[in-house]
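Biologist: I would like to learn how to read a few features of a structure. Could we take them one at a time?

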Amino acid sequence: HKIEPVHTNESLVRAAAGGHWTPANTRLYEALLLWREDVACALGTMPGLCVSTELLVSMAALRPTTRAGLRRIALFLPEVLAGRPYDAQALAIVAESVAAGGSTDGG
């Protein structure tokens, strides 16, 4: 699988330029990238086909902790995030980040 450069993705650069991106957002984004890589390996596919980088950036920025929160980011979620166990794994990563001192989108 192709490893994506963490800090040079266009979606990430745009988010960081918005002024609200923090080191906690970067740590969460990196954790979500690793999760996506693990899921892609488990499913035998490419990471970008599991969950788009743009969606991971949005998740790191908005920090949804529930499925409803995910749906506020993307009404139509990729199949990986539409059901268990992977949606719960991703939401747990976000929840851990929020518990470590990050803010949440309220859901």
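This is a predicted model: local features need pLDDT of at least 70, side-chain atom pairs count only at pLDDT 80 or more; totals for chains, interfaces and linings use all residues.

Biologist: Is C50 buried or exposed?

Modeller: C50 is buried, at a relative accessible area of 3%.

Biologist: What is the overall secondary structure?

Modeller: The protein has 6 helices and 0 strands. Along the sequence the pattern reads α-α-α-α-α-α.

Biologist: What share of the residues is buried?

Modeller: Of the 107 residues in the protein, 40% are buried. As for the surface, the protein exposes about 6,000 Å², and 59% of that comes from carbon and sulfur atoms. Contacts give another view. Among those between residues at least 6 apart in sequence, 66% join residues at least 24 apart.

Biologist: How do I check the length of a helix?

Modeller: Compare the expected span with the distance between the end C-alpha atoms. Helix 2 covers residues 23-43, which is 21 residues, and at 1.5 Å a residue it should span 30 Å. Its end C-alpha atoms are 30 Å apart, so the two values agree. After helix 2 comes G44, with a positive phi near 70°.

Biologist: Which residues of helix 2 are buried?

Modeller: The buried set includes L28, Y29, L32, L33, W35 and V39.

Biologist: What does the length check give for helix 6?

Modeller: Helix 6 has 14 residues and reaches 20 Å from first C-alpha to last, close to the 20 Å expected. Just after helix 6, G101 has a positive phi of about 125°.

Biologist: Where do the buried residues of helix 6 sit around the axis?

Modeller: First the list: Y86, D87, A90, L91, I93, V94, S97 and V98 are the buried residues of helix 6. They cover an arc of only 150° around the axis, so they lie on the same side of helix 6. E96 and A99 are exposed on the other side.

Biologist: What do the buried residues of helix 6 pack against?

Modeller: Their partners are helix 2, helix 4 (53-62) and helix 5.

Biologist: D87 is in that buried list. Which residue forms a salt bridge with D87?

Modeller: Again, the idea first. Side chains of opposite charge can pair when their charged atoms come close. The structure holds 1 salt bridge. It joins D87 to R67, with the closest N and O atoms 3.4 Å apart; the cut-off is 4 Å. D87 belongs to helix 6 (residues 86-99) and R67 to helix 5 (residues 67-73), so the pair ties together parts 20 residues apart in sequence.

Biologist: How accessible are D87 and R67?

Modeller: D87 is buried, with a relative accessible area of 2%. R67 is partly exposed, at 35% relative accessibility.

Terms used. Residues are numbered from 1 along each chain as its sequence is written. Side-chain values use heavy atoms; hydrogens and water are left out. A salt bridge is a side-chain nitrogen of Lys or Arg within 4 Å of a carboxyl oxygen of Asp or Glu. Helices (H or I, at least four residues) and strands (E, at least two) are DSSP runs, numbered from the N terminus. Buried means under 20% relative accessible area, exposed over 50%, partly exposed in between (1.4 Å probe, protein chains only). Contact means heavy atoms within 4.5 Å. Accessible areas come from the Shrake-Rupley method with a 1.4 Å probe; for residues, only the protein chains shown count as cover. The expected span of a helix is 1.5 Å times one less than its number of residues. The arc is that of the directions from the helix axis to the C-beta atoms.
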